[in-house]
Amino acid sequence: MTDGNAISFIRRVDGQELWLALQTQIAEYNHHRLLHLGFIFSLAIATSTLLCILVLNHASKQQYSQANAQLTSPIGFYIVAEQGGRVSKSDFAHLRRQGFTHITPVLTFRKNLANGERLKFLAIDMLGLSIANPVQFNHQAVLFTKAHLASLDVDIDINPDVNSVLILADKTPIPIRLTTSEQWGRVALLDIALAWQLFPQQIDFSALMVAPLTAPQKQALEAALPAHLSLNEPWSYQERSGFADALHLNLMALAVLGFIVSMFIAFQAGEQAWHKRAELAMQLRLLGVALHTIKIAMLLEALFLVFVASIVGVLIAVALVTVLLPLLGLTFSQLYSLNMSGHFAWQWQYALWALLISSVAVLLALTKQFKRISTAHVTFSTSTVTGYLPRLVTLAGAVILLLLFSGWPSQSWYQIMVKYGLLLSASVVFLPHFLQGMLFLIGLCVRSFGFNAFRVYYIFQDASNQIRRRYLPLAAFYLALTTSIAAALMVHSFEGAFVRFLDQQLSADLLIRYHHGQKPQVEDWLQNNNDIDEYTLHQHTWARVENDAVKVSSYQSPQQLSSLLLKLLSTKIKQGCFINEQLALKRQLAVDQLIHFHQGDMQYSCPIQGIYYEYGYPGFSLTLDTAQANRSFTGWIYSGFGVYFRSGTVIDKQAVGLALGLADDQIYEPSQVKKIALKVFAQTFVLTQLIAVILLVIACFGLFLSANGLELARKADLYILCSLGYSKAELFVHMLMQWCLLAVGCVLLSWPIATILAHALVSQALPASFGWSMPLIFNVGSFAVSSIFGLLFLLPALGIPLFKLNLRSRR
């Protein structure tokens, strides 16, 4: 429509006619308040569901970008000593004399706090930093970030201008200050000279930090290193950002699904709220109101709905984001020490997003009603809602969607989500046919058991006839329930796989680390202790597969080999190497194939005997037996001993420490590490579970609106049943039984579809987004809890409107 046509169209509007049409619309809102309030609220929920995740992703990406910039490691390499030793001051002086001025010493150690917390200290040369940036760095105090200090649960007041004092468990006082720099992680940062002053027992260096180097500079440094030192690369935080991207994509998929669930509800609410609008439009036309005037009134109402839905949707979204953003921040904080749990900050573009989303929601919800009312045919007849279900059309639609699903590619994360979205859509289209078939079979079973009472059989027949009328809210309930079950199965599978992984990785009774010069003493004690069944040496070095760094580990006993959680094992090869799943997926490797890798100028290859799951390390790793490893590789870093005690032996960590003269931070109990890891795991998936619950609540809200509106629309049928002898209680039971039967049918169809979706998530979506997979672990609780939770929401959602409806039916 051109500008001239638009102006001409507006000029033709009669003010009195428009006011009459608007008064009619206002009267409809007053007469059916609950229906229209439900319609507006369902539009607001659709807006808030999608807006919430968009805002959550935008806010978290901004915070992640800031944290990632702060956490970008300034370190290109680490120079470390072999045999669990330390880098001496003479080593540092030797390299500096050769012109390697970009090397900085670092000292790390741990101390206990009075409340039992363990505190990691990182000491570096901070004199230059304190001169260049005195606001963030102070070489005369131990520096903490505010979040790190709060996590230690210490009661201390921080004065920004004066050093505060923190007392350690051994009564050592340390001066502390706050810093906003988080690039070093959650450590107590201090100057290395101050560390030697406060803790004189600390000598030499733990390692040397090297700034990023060019390839020639790296080669020159490697050539100059003494034999007992090696050059290692640190793991980059940018390489871990894949988790953030994958989580954002998963949240967006849930948001789109939530929007679809909400739109089912909004469309159904619009159908109910505008049921008599065609008849009113016909009456206005008979009174002489022009059709274009009715269109203008409808557009004004649509603008009103967009405005109100945007405001209410924004309020709901802000409330949800305020709750969910700290949960998302907690996930990143626990996994990667990223400080992302800040407060939510409103930005102007969020209002534009809300208007856009609510406009789309109103358009989708009212397209059919707009088309019905705005055509000239409304003068002659009004549309009526029928109970006819186009069986052939819907079956053909389901078949077409299934064919698209079977032929859709599944290489990337997006393709996988679209592919299984087609399967979910096909099941939604097939849902009414499944419900009709289920009701037919139940009716036959009821008759075969001799229950031929009219009222019992009529429950199934009437429910089958009402499927089309009730289809949209049931489809929304089905979608939300299927998603919740799939999410529950995925989380349970992850938990089961993670527990198995921890059980095998932490199978030793104790882990003992040693410093330089302590290895002979520790090994002698292990060899001569009769309570020890076996001990293994943990060692690793680094190699490359093309351009990818690979951590190479070795095993020397069956117990150490059994710590690998195998995904695939060759039946042909008896001697070879094992690779983790991340490396197998990245390089498209399989068992029985050869893997080629190199360390420096040396080239190696070995047949792949097995592929193992590795959830605790985000990079690539390779494992082979110790004899072969020691022949092929150099630059080994020894991390300590895994100790297995004989059964029935009481393990006393303190006694072992005293016998060996080791510090507490050199002896670890794997059982305690496992508890901490499982605690982090449980909190990581709170966000996914909470969003799945929100979807269920939204779907049950739709059932609440539909039960009230749909049964109200068929009052005439209910009055006929009353005349046939149905009491108020019997009528209530009749309707509630029908809704419950249909809801149970949704539950039954959701179980197999949710299983397929969960399997796709753990075996296809996770490798495409995270780089690893997990076996799907079936658990009856995942089905039962989600289904029972949904049905519990369902009972009040249906019972309250149906019971109120029956009270009115007594008039």
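Two strands are said to pair if DSSP finds at least two bridges between them. All of the close-up views below are taken from a predicted model.

**View 1. Strand E2 and its two antiparallel neighbours.**
Strand E2 covers residues 103-112, and seven bridges join E2 to strand E3, which covers residues 118-124, with the two strands running antiparallel. Within this pairing, Arg110 has Lys120 of E3 as its bridge partner, while the bridge partner of Lys111 in E3 is Leu119. E2 and E3 form a hairpin that has five residues between the strands, and in its turn Gly116 has a positive phi of about 95°. Strand E2 is also joined by four bridges to strand E8, residues 207-210, and these two strands run antiparallel as well. One of the bridges can be followed from Ile103 to its partner in E8, Val210.

**View 2**
E3 pairs with E7 in the parallel sense, over four bridges, and the bridge partner of Ile124 in E7 is Asp191. Val187 belongs to the loop between strand E6 (173-178) and strand E7 (188-191). Val187 counts as buried because its relative accessibility is 10%, and buried means under 20%. Although Val187 and Val142 are 45 residues apart in sequence, their C-alpha atoms are 9.7 Å apart in space.

In the pair formed by Tyr535 and Phe641, the ring centres are 5.6 Å apart and the planes meet at 75°, so the arrangement is edge-to-face, the term used when the planes are over 60 degrees apart. Because Tyr535 lies in strand E11 (residues 532-545) and Phe641 in strand E18 (residues 637-645), this pair ties together parts that are 106 residues apart in sequence. Phe641 is buried, with a relative accessible area of 2%. Phe597 and Phe633 form a stacked aromatic pair, with 5.6 Å from centre to centre and 15° between the planes. This pair links distant parts of the chain, 36 residues apart, since Phe597 is in strand E15 (residues 594-599) and Phe633 is in the loop between helix H20 (626-632) and E18. Both Phe597 and Phe633 are buried.

**View 2. An aromatic cluster and two charges placed over rings.**
One aromatic cluster is formed by Phe92, Trp196 and Phe205. Over the face of Trp196 lies Lys89, at 4.3 Å from the ring centre. Elsewhere in the model, the ring of Phe405 has the charged end of Lys419 over it, 4.7 Å from the ring's centre.

**View 3. The largest cavity and the residues that line it.**
A search of the whole structure finds five cavities of 30 Å³ or more, and the largest cavity has a volume of about 120 Å³. The largest cavity is lined by 14 residues, and those lying nearest its centre are Gln25, Arg277, Leu284, Ile294 and Ile373. The elements that each give two or more residues to this lining are helix H2 (15-31), helix H10 (277-286) and helix H11 (291-336). When the lining residues of the largest cavity are sorted by class, nine are nonpolar, two are polar and three are charged.

View 4. Gly421 is found in helix H14, which covers residues 413-448. At 26% relative accessibility, Gly421 counts as partly exposed. The C-alpha atoms of Gly421 and Leu757 are separated by 9.1 Å, while the two residues are 336 residues apart along the chain.

Terms used:
Residues are numbered from 1 along each chain as its sequence is written. This is a predicted model: local features need pLDDT of at least 70, side-chain atom pairs count only at pLDDT 80 or more; totals for chains, interfaces and linings use all residues. Side-chain values use heavy atoms; hydrogens and water are left out. Rings of Phe, Tyr and Trp (its six-membered ring) pair if their centres lie within 6.5 Å; planes under 30 degrees apart count as stacked, over 60 as edge-to-face and the rest as tilted. Buried means under 20% relative accessible area, exposed over 50%, partly exposed in between (1.4 Å probe, protein chains only). A charge sits over a ring if NZ of Lys or CZ of Arg is within 6 Å of the ring centre and within 35 degrees of the ring normal. On a 1 Å grid over the protein atoms alone, a cavity is a set of points where a 1.4 Å probe fits but cannot get out, and a pocket is an open set with protein on both sides within 12 Å along at least five of seven lines; lining residues have an atom within 4 Å of a point. Grid points are joined across faces, edges and corners, and a volume is the space filled by probe spheres set on the points. Ala, Val, Leu, Ile, Met, Phe, Trp, Tyr, Cys and Pro count as nonpolar, Asp, Glu, Lys and Arg as charged, and the others, Gly among them, as polar.
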